[in-house]
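Hi,

Here is the structure I promised to pass on. Have a look, and my notes follow below.

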Amino acid sequence: GSTIGILGGGQLGRMIAIAAAQLGYRTHIYAPEASGPAIDVARNWTRAAYEDEAALAAFAAQVDVVTYEFENVPVAPLKALGHTPLHPPAAALEVAQDRLAEKSFAERLGIATAPWAAVDDATSLAAALEQVGTPAILKTRRFGYDGKGQARIMAPEDAAAAWDAVGRRPAVLEGFVTFEAEFSIVAVRGADAFATYEAPENRHKDGILATSTLPASSIIRDQQDQAEAITRQLAEALDYCGVLTCEYFATADGPVFNEMAPRVHNSGHWTIEGAATSQFENHVRAICGLPLGWTARAFGRVEMHNLIGAEAGGWHGWLEQGGHLHLYGKGEARPGRKMGHVTLLG
Ligand code: ATP
Ligand code: MG
Ligand code: MG
């Protein structure tokens, strides 16, 4: 059989590895950590830094295709993968790991986003506030996730505190979008096929995804087609291969693109039990050149709950309620850490 190389050792890699095993593939994880959810279920793993080109070249020689479950993999060292295919392409990483590149890319394609301006220092922040207005959100260009690296600016006098709060790092200032709900489009693009899943309604708590629910409210269902078209446009512009996720705000004026993740996504976990084919299986199918699976929702109602930090301690109760439990095998249940999730079908 063939071997899939996965950059990153977290829970997304674990769920890709499980789907890969079902299709008869082996997986080989590449990650700098000493342990991790994906490492426990893979056949092989390489512990090395993402910048280590010699280790990347040796890894590439042992696998048939490389993918990633983590969008902050540094791009330049990936040339060491040589002729081993990388799916999704490096271009998708480059765009998704820098909010300035991401916003500029969307703008070039004519896609609606929040009003935004680049911020490099206190002076450009003042100019950006003039342009964008308040309320606004200052977001670091790189390495932000789960709402980290963000500061709200309710009035111009909050600017200095916000600049300090994001560590005085290069950032993007975004105008605050008045939205009715949030949703995501999980899409998959293969060699000659493109498919999307039905959009879940995503609720966040403390900046972290808490639940994804289907069917979503009517405003989201009404905006599904438009958001699918935008997602497809982004995927085609990147000559994408694999699962691509785009987050949207559902506003009175239609979908507003928030950000993309060049990978399988937490808001797609409901597809494991709730859809005809899971996002993980479809990602594997796409990167291995197999036909894509049907993406339809398979139950009347599907609800995914993240188990964050100490919430994971309540897993027994979820089983009693008929939930499908996924625990990621992480050690300590630190606050804000995604320990697992549960899917309820109805
Ligand atoms: P993720 O973990 O999804 O990668 P992130 O840290 O990259 O999150 P964003 O998705 O940019 O952060 O923002 C987190 C949440 O903050 C959004 O889901 C939304 O609820 C809110 N938010 C972000 N930007 C805006 C905006 N411009 N207007 C209104 N709300 C926003
Ligand atoms: Mg993000
Ligand atoms: Mg987000």
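**What I found**

Two strands, β6 (136–140) and β14 (254–261), each give at least two residues to the shell around ligand 1. Helices (H or I, at least four residues) and strands (E, at least two) are DSSP runs, numbered from the N terminus.

Before going on: this is a predicted model, where local features need pLDDT of at least 70, side-chain atom pairs count only at pLDDT 80 or more, and totals for chains, interfaces and linings use all residues. Residues are numbered from 1 along each chain as its sequence is written, while chains are lettered from A and ligands numbered from 1 in the order in which they are written.

Back to the ligand. There are 17 residues around ligand 1, and Ala114, Tyr145, Asp146, Glu174 and Val177 come nearest (near means a C-beta atom, placed from the backbone, within 6 Å). By class, that shell has 7 charged, 5 polar and 5 nonpolar residues. Here Ala, Val, Leu, Ile, Met, Phe, Trp, Tyr, Cys and Pro count as nonpolar, Asp, Glu, Lys and Arg as charged, and the others, Gly among them, as polar.

Now the domains, whose bounds come from an automatic or database domain assignment: domain 1 (3–86), domain 2 (115–175) and domain 3 (181–345). Domain 2 and domain 3 each supply at least three residues of the shell around ligand 1.

In domain 1, 17 residues are in contact with 16 residues of domain 3 (C-beta atoms, placed from the backbone, within 7 Å). On the domain 1 side, α1 (11–22) and β4 (65–68) are the elements giving two or more residues, and α1 has the largest share, with 7 residues.

Cheers

Notes. Contact = placed C-beta atoms within 7 Å.
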